[in-house]
Amino acid sequence: MFTIGTVPPTPGKMEARKEVRMHRADEERIKAAAAATGLQEADFIRQAALLRAQEVEQRMSLSILPIEAFDAFKAAVKTQGKIVPGLAQAAQASKGLLKDAR
């Protein structure tokens with residue numbers, strides 16, 4: 001029996017449902033893989049989807065820059081900001097123009 005990475009279960013009752021259409025060959029592969037891991041097909045599919053979601057979330061939270069670009073970014077962040085004439089007044093004047101603007 002094989003083991004796969006797992007994601008901690010979300011607490012609470014499972015109420016949402018998803019229906020997936022797939023090729024028969026894909027269904028057979030999933031069925032065989034689920035059996036090899038000792039999981040029900042639905043649990044196998046849910047775990048695979050959650051692992052993929054976790055991977056995407058982690059990639060979205062990372063910024064991958066070449067070293068030179070990152071050094072330039074760090075230097076830019078540390079520099080003193082510039083006052084842009086009229087920007088504060090424009091920001092004040094635009095308040096309330098956009099829905100949900102703060």
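Reply: One term before the rest: a salt bridge is a side-chain nitrogen of Lys or Arg within 4 Å of a carboxyl oxygen of Asp or Glu. Note also that this is a predicted model.

Me: ok, how many salt bridges does the structure hold?
Reply: The structure holds 5 salt bridges. Side chains of opposite charge can pair when their charged atoms come close.

Me: let's come back to those. How many helices and strands does the protein have?
Reply: There are 4 helices and 0 strands in the protein. Read from the N terminus, the order of the elements is α-α-α-α. The radius of gyration is 24 Å, well over the 13 Å that the globule rule gives for 102 residues, so the protein is more spread out than a compact globule.

Me: what does the C-alpha trace span along its principal axes?
Reply: About 65 × 40 × 30 Å.

Me: and how much of the protein counts as buried?
Reply: Of the 102 residues, 5% count as buried. The accessible surface comes to about 10000 Å², and 59% of that surface belongs to carbon and sulfur atoms.

Me: what is the average pLDDT?
Reply: The protein averages a pLDDT of 88, and 93% of the residues score at least 70. Among the elements, helix H1 (residues 24-37) has the highest mean at 96, while H4 has the lowest at 86.

Me: back to the salt bridges. Which residue does Arg24 pair with?
Reply: Arg24 forms a salt bridge with Glu27, and their closest N and O atoms are 3.6 Å apart. The two are 3 residues apart in helix H1, which means that about one helical turn separates them.

Me: is Arg24 buried or exposed?
Reply: Arg24 is exposed, because its relative accessible area is 67% and the cut-off for exposed is over 50%. Glu27, at 28% relative accessibility, counts as partly exposed.

Me: where do Glu55 and Arg52 come in?
Reply: The side chains of Glu55 and Arg52 meet in a salt bridge at 2.7 Å, N to O. They sit in helix H2, 3 residues apart, which puts about one helical turn between them. Salt bridges that share partners join Arg52, Glu55 and Arg59 into one network.

Me: how accessible is Glu55?
Reply: Glu55 has a relative accessible area of 32%, so it is partly exposed. Arg52 also counts as partly exposed, at 47%.

Me: switching topic. Where does Gln47 lie?
Reply: Gln47 lies in helix H2, which covers residues 41-60.

Me: buried or exposed?
Reply: Gln47 is buried, because its relative accessible area is 15% and buried means under 20%.

Me: what does the side chain of Gln47 reach?
Reply: The Gln47 side chain reaches the backbone nitrogen of Val7, at 2.9 Å. Along the chain Gln47 and Val7 are 40 residues apart, and their C-alpha atoms are separated by 6.6 Å.

Me: now the surface. Which residues make the nonpolar patch?
Reply: Leu65, Phe70, Phe73 and Val77 make a nonpolar surface patch of about 380 Å². Of these, Val77 lies in helix H3 (residues 67-78). Val77 counts as exposed because its relative accessibility is 55%.

Me: last one, helix H4. How many of its residues are buried?
Reply: Helix H4 (residues 87-94) has 8 residues and the number buried is 0, so the helix lies largely in the open. Just after H4 comes Gly96, which takes a positive phi of about 85°.

Technical notes. Residues are numbered from 1 along each chain as its sequence is written. This is a predicted model: local features need pLDDT of at least 70, side-chain atom pairs count only at pLDDT 80 or more; totals for chains, interfaces and linings use all residues. Side-chain values use heavy atoms; hydrogens and water are left out. Buried means under 20% relative accessible area, exposed over 50%, partly exposed in between (1.4 Å probe, protein chains only). A polar contact is a pair of N or O atoms within 3.5 Å; within protein, one must be able to donate a hydrogen and the other to accept it, and residues adjacent in sequence count only if both atoms are side-chain atoms. Patches are made of residues with over 30% relative accessible area and no salt bridge: like charges are joined within 9 Å, nonpolar side chains (Val, Leu, Ile, Met, Phe, Trp, Tyr) within 5 Å. Accessible areas come from the Shrake-Rupley method with a 1.4 Å probe; for residues, only the protein chains shown count as cover. The radius of gyration is taken over C-alpha atoms; the globule rule is 2.2 Å times the number of residues to the power 0.38. pLDDT is the predictor's confidence in each residue, from 0 to 100.
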